[in-house]
Amino acid sequence: MVKEGTKHPELYLDCVHCGLCLPSCPTYRVLGTEMDSPRGRIYLMRAYDEGRTKITESFVEHMFRCLDCRACETACPSGVHFGEMMESMRAEIVTERSAHWLSRLVLKHVFPYPWRFDLASRALQLYRQSGFQGFVRSTGLLERLAPKVAMAEALMPEAEIESGVALESFHRAEGRKQGTVAFFTGCVMNSMMGSINQASVRLLTAAGYDVVVPGNQICCGALANHAGLRDTAREMAGKNVSAFDAKDLDAIIINAAGCGAMLKEYPVLIGGAEGFASKVQDISEFLASTRIYDRLRIPIERRVGYDDPCHLIHGQGVKAQPRMLLKSIPGIQFVEIEGADQCCGSAGTYNITQNELSMEILDRKMISIRKANIEILATGNPGCMFQFRYGARRAGISLEVVHPVELLARSLD
Amino acid sequence: MRREIIDRLERALGAAAVTTDDTELLVYECDALALFKNKPDAVVFPANTEQVAEVVRIANEYRIPFLPRGSGTGLSGGAMAIDGGIIIELQGMNRILSVDVDNRFAVVQPGVVNIHISQAVAPHGLYYAPDPSSQSACSIGGNVAENAGGPHCLKYGMTTNHILAIEAVLSSGEVVRLGNPAGEAVGMDLLGAIVGSEGTFAIVTEITVRLLPKPQAVKTLLAAYKSFEECSQTVSDIVAAGIVPAALEFMDDNTIVAVEASVYRAGFPLDARAVLLIEVDGFSDGLTETAAEIIEICRRNNAYDVRVAKDEEERARLWMGRKGSFGAMGRISPDMMVMDAVIPRTQLPGVLAGIERISERYRLKVANVFHAGDGNLHPLILFDSRHQDQVDKILIMGEEIMRLCVGVGGSLSGEHGVGCEKNDFMGMVFTESDLESMACVKRVFNSSGLLNPSKVFPTGRGCTEIGRPGTTSTEEIGRKVEKMLLGQKQ
Ligand SMILES: Cc1cc2nc3c(=O)[nH]c(=O)nc-3n(C[C@H](O)[C@H](O)[C@H](O)COP(=O)(O)OP(=O)(O)OC[C@H]3O[C@@H](n4cnc5c(N)ncnc54)[C@H](O)[C@@H]3O)c2cc1C
Ligand code: SF4
Ligand code: SF4
């Protein structure tokens with residue numbers, strides 16, 4: 001029963017089939033189908049392992065319809081390690097069914113819709129840096145997509161490239177030095193949303209920390225891992241662990257929730273990553289415990305809401321800190337959004353591969369955003385930020401979408 | 001299932017609302033009692049009453065069994081397609097249709113999750129009282145079918161006390177409305193017959209529930225004991241003192257360990273043999289005195305620690321811990337079987353000791369967490385379903401525990417229903433003629449017999465023979481286990 005590659009076989013035994021997780025699951029809430037619920041997915045994984053089902057078309061569909069948002073982990077009294085199980089299941093699917101599922105999904109859901117190429121082309125930039133490239137090439141997909149991508153890019157040239165924080169750089173603490181942290185730049189953050197990284201480093205130095213940015217770091221590997229490309233993810237994890245001298249650091253700071261959750265889970269993928277993982281902290285988690293509050297002096301008199309990225313609240317259990325930080329900005333009117341802990345439907349490349357469902361989830365989200373009547377929405381994950389910007393446009397709401405550090409940095413004296 | 005029937009269903013509901021895909025059917029082969037399973041031939045997802053009725057008519061035409069399903073949190077196999085056929089999944093009908101604040105009722109569809117009603121009416125200071133531990137997931141339709149209870153039903157009554165009216169589809173496909181939102185309906189109480197009929201009389205498609213104003217004040221106490229006896233005695237003494245707590249819950253050491261190892265850890269004392277979670281509510285006046293009186297009773301029975309939840313947050317945590325306790329068993333065991341029986345409160349100490357003896361004899365752990373105030377026991381047998389001998393053992397253990405409870409004047413089920421788990425035990429408490437008169441009532445509602453067959457009434461075969469070829473009856477399992485145990489002794 002123990003399968004190769006699955007480090008934790010039979011994790012599904014933790015599930016007692018009680019069903020308490022059902023309403024926490026975004027796909028179940030929209031579809032109302034057991035096979036698209038955490039319990040149903042676990043049931044299928046177990047059935048597969050026990051030889052009661054094969055990896056059929058619909059099996060693959062229900063596994064990949066999962067957002068990997070981990071809301072079920074927060075709800076489960078039995079402590080099911082859902083994310084870990086789902087990732088090894090996907091790895092199994094990818095091995096078993098080679099790469100066909102991806103090409104099929106992309107061909108079916110992206111190819112026919114030019115507007116999706118806006119999203120897809122951004123995603124392809126990601127692929128380039130996330131280890132997908134070789135894989136996608138091997139399916140012959142890139143050749144077929146390339147001309148269309150070029151067209152999409154011509155149509156929508158707004159994917160601005162900002163310069164981020166230079167690798168192999170050093171930034172000195174302001175005032176009395178409190179310690180030293182390393183900064184993990186993340187691939188999207190640094191190439192497409194560079195100002196967020198700049199703001200992060202400014203805040204860290206303002207809080208009294210020297211910031212080192214090691215040069216050998218690469219993409220965290222989360223996208224590869226979620227898609228079931230385990231070996232690629234392992235390789236990337238290994239490179240990152242050796243890029244940081246964890247023992248000399250107070251913390252390794254990351255500002256993208258998805259990457260943070262991944263970095264913290266490296267020990268599941270590879271051996272010897274415990275020291276590294278124990279130092280990883282989300283920027284809000286870290287800043288909340290520093291003296292940064294004294295430096296937030298410039299008032300921002302706006303109505304601001306915060307939406308929990310799944311990989312921060314469910315993946316890392318960080319909920320209070322970002323709220324605490326935002327609320328301490330002078331003049332801010334902080335609004336709690338109904339259902340802030342529920343997924344926005346972005347989930348990495350989900351909005352491309354499962355577009356209809358993703359949009360349904362997003363539309364529900366936008367209803368509560370509209371209700372909250374806010375001017376600015378803060379959320380700490382690039383995928384979610386893209387999704388909300390798109391959602392606001394789609395719903396005709398005027399809304400500024402920012403990373404919490406952008407607001408904090410604006411308030412720095 | 002024949003293509004012709006599938007076509008008919010798809011025409012009635014749309015292709016997306018019908019599945020006969022093998023992989024998808026697999027997840028519908030059981031409810032929360034995963035031990036018993038059988039795959040349905042189709043699952044349909046109707047969007048309204050008319051579609052439910054149409055499915056029922058089609059099933060009648062082809063003489064196929066059919067049954068309703070809510071969230072599948074049932075613990076007696078009620079939503080399991082024991083004879084195959086069509087599962088009518090009501091999750092898609094999950095809207096709160098209207099709320100009448102002045103007259104304190106809400107009209108909801110059957111797929112609405114229990115707690116969503118309370119959440120929706122909270123801004124008006126109202127709530128829906130019955131609170132099964134599964135309330136964050138179970139559907140109101142399932143609650144009506146099982147006449148669900150919960151910790152706070154001690155004071156406020158079971159589901160049946162809170163249902164004012166329903167719309168339902170009978171087994172013929174006929175749609176009926178029963179009850180009256182304004183209160184007692186004229187004529188016979190047919191509504192009362194349907195509540196608790198475990199999905200065998202009708203499919204409920206709309207429900208009018210009673211709403212209550214939130215109590216002015218609440219106090220929640222946690223008392224820890226070194227023995228079951230002292231803990232049980234406290235329960236009897238509180239009731240004897242004329243106090244009606246809102247809730248009076250018992251949790252033993254095994255349960256505490258599991259809960260404290262889960263995300264719902266609430267600070268239950270790990271060194272206790274058992275704890276009581278006691279809640280009183282009502283007007284603020286006098287509540288402090290009632291709480292003091294309870295604390296005094298606990299102390300008199302040697303509670304070594306009694307504390308009062310200091311704020312709403314601590315209170316919520318304690319309740320989350322209690323309500324998450326079935327699920328938390330996964331922390332200490334791969335599988336569990338939840339039993340449900342009612343006994344006279346005064347018999348608690350003897351029955352708990354009896355259960356412990358049974359547990360030792362079969363070498364399978366039992367955790368006890370239950371509604372002590374109304375004597376509604378929930379022994380949870382912990383086992384590993386990958387070992388067939390353990391599966392065989394729990395079935396016979398379950399039967400022994402039921403006999404023990406019935407023997408002291410108890411009953412087969414407090415709130416989880418009979419389903420296909422305990423239908424063959426019905427003979428323990430009912431005579432042939434009792435059963436025959438019940439069957440007559442069932443025939444009135446379910447004339448074709450196609451609606452959720454082989455449930456509640458004895459069929460002379462356990463669910464087990466369906467799910468697990470090789471074991472045929474509890475009697476035979478009994479013989480096997482006996483042999484096994486004898487074999488071990490030698
Ligand atoms: C962790 C846990 C804790 C629990 N705690 C409690 C508790 O404290 N108290 C309690 O009473 N129960 C409890 N239960 C049992 C269960 O949650 C209840 O029986 C609940 O009422 C079932 O609702 P459901 O929507 O899941 O129904 P399902 O399991 O889907 O169905 C249950 C039965 O109802 C029938 N049914 C479903 N919908 C309808 C409908 N619309 N019309 C007619 N029949 C229908 C089905 O055919 C089936 O026979 C618990 C279960 C779990 C897993
Ligand atoms: S809540 Fe946990 S134990 Fe219960 S069904 Fe969901 S995953 Fe399984
Ligand atoms: S990870 Fe999210 S989408 Fe996937 S099963 Fe869990 S709750 Fe549902």
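Phe228(B) and Phe250(B) are both buried, meaning under 20% relative accessible area with a 1.4 Å probe, protein chains only. This is a predicted model, where local features need pLDDT of at least 70, side-chain atom pairs count only at pLDDT 80 or more, and totals for chains, interfaces and linings use all residues. Residues are numbered from 1 along each chain as its sequence is written, chains are lettered from A and ligands numbered from 1 in the order written, and side-chain values use heavy atoms, leaving out hydrogens and water.

Next, the rings. Over all chains there are nine aromatic pairs, that is, Phe, Tyr or Trp rings (six-membered for Trp) with centres within 6.5 Å; planes under 30 degrees apart are stacked, over 60 edge-to-face, the rest tilted. Phe244(A) and Phe276(A) make an edge-to-face pair, 5.6 Å between centres and 70 degrees between planes. Those two residues are 32 apart in the chain. Phe244(A) is buried at 4% relative accessibility, and Phe276(A) is buried at 2%. Ring pairs also join them with Phe184(A) and Tyr266(A) in a cluster.

What sits over the ring of Phe64(A)? The charged end of Arg90(A), 4.9 Å from the ring centre; the cut-off is Lys NZ or Arg CZ within 6 Å of the centre and within 35 degrees of the ring normal.

Now the ligands. The residues around ligand 3 include Cys25(A), Cys66(A), Cys69(A) and Cys72(A), counted by a heavy atom within 4 Å. Around ligand 2, Cys15(A), Cys18(A), His17(A) and Cys76(A) are among the residues.

Note on methods:
Helix = DSSP H or I, 4+ residues; strand = E, 2+ residues; numbered from the N terminus. Buried < 20%, exposed > 50% of the residue type's maximum accessible area, 1.4 Å probe, protein only.
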